[in-house]
Amino acid sequence: MLPTENRLRRREDFATAVRRGRRAGRPLLVVHLRSGATDPHASGESAPPTRAGFVVSKAVGGAVVRNQVKRRLRHLMRERLAVLPPGSLVVVRALPGAGDADHAQLARDLDAALGRLLGGGAR
């Protein structure tokens, strides 16, 4: 489970991450990342936490499958929050194949998408 301060809840925050952030797609999911503010004058203040949200539509499967995918993605994202810039907004959108994927496959796609967004990998 993600801590409360790391959850993306407001519609405006989801929209900001999707519309103004960078996107990396993989076969099982799409990750949208809006990097945090890098204001050098704000270094004395505590940085805002990285927040993550998840979109799992009915195309992924029934309610049980969708909740299972969300739980897996939350668990995977919790382990990866430290590598993201402080104050970032992340939206992970599961694609229809995510319902049939296991934990390792989701982890592989999430790592590849985050690596591309953070490392600027080739398109």
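Which residues does Ser-88 touch, not counting residues up to four places away in sequence?

Guide: This is a predicted model, in which local features need pLDDT of at least 70 and side-chain atom pairs count only at pLDDT 80 or more, while totals for chains, interfaces and linings use all residues. Residues are numbered from 1 along each chain as its sequence is written, and side-chain values use heavy atoms, with hydrogens and water left out.

Beyond residues up to four places away in sequence, Ser-88 touches Leu-33, Arg-34, Ser-35, Gly-36, Pro-49, Thr-50 and Arg-51; contact means heavy atoms within 4.5 Å. Ser-88 lies in the loop between helix 2 and strand 4, where helices (H or I, at least four residues) and strands (E, at least two) are DSSP runs numbered from the N terminus. Ser-88 counts as buried because its relative accessibility is 0%, and buried means under 20% relative accessible area, exposed over 50% and partly exposed in between (1.4 Å probe, protein chains only).

Val-90 also touches Leu-33, Thr-50 and Arg-51, and its contacts include Val-31 and Met-77. Val-90, Val-31 and Met-77 are among the residues with the most contacts inside the largest nonpolar core, which has 27 residues. A nonpolar core is a set of buried Ala, Val, Leu, Ile, Met, Phe, Trp, Tyr and Cys residues joined through side-chain atoms within 4.5 Å. Strand 2 (29-34), strand 3 (51-56), helix 2 (63-80), strand 4 (89-94) and helix 3 each give two or more residues to this core, and helix 3 gives the most, with six. Apart from it lies another core of five residues, among them Leu-8, Phe-14, Leu-89 and Val-91.
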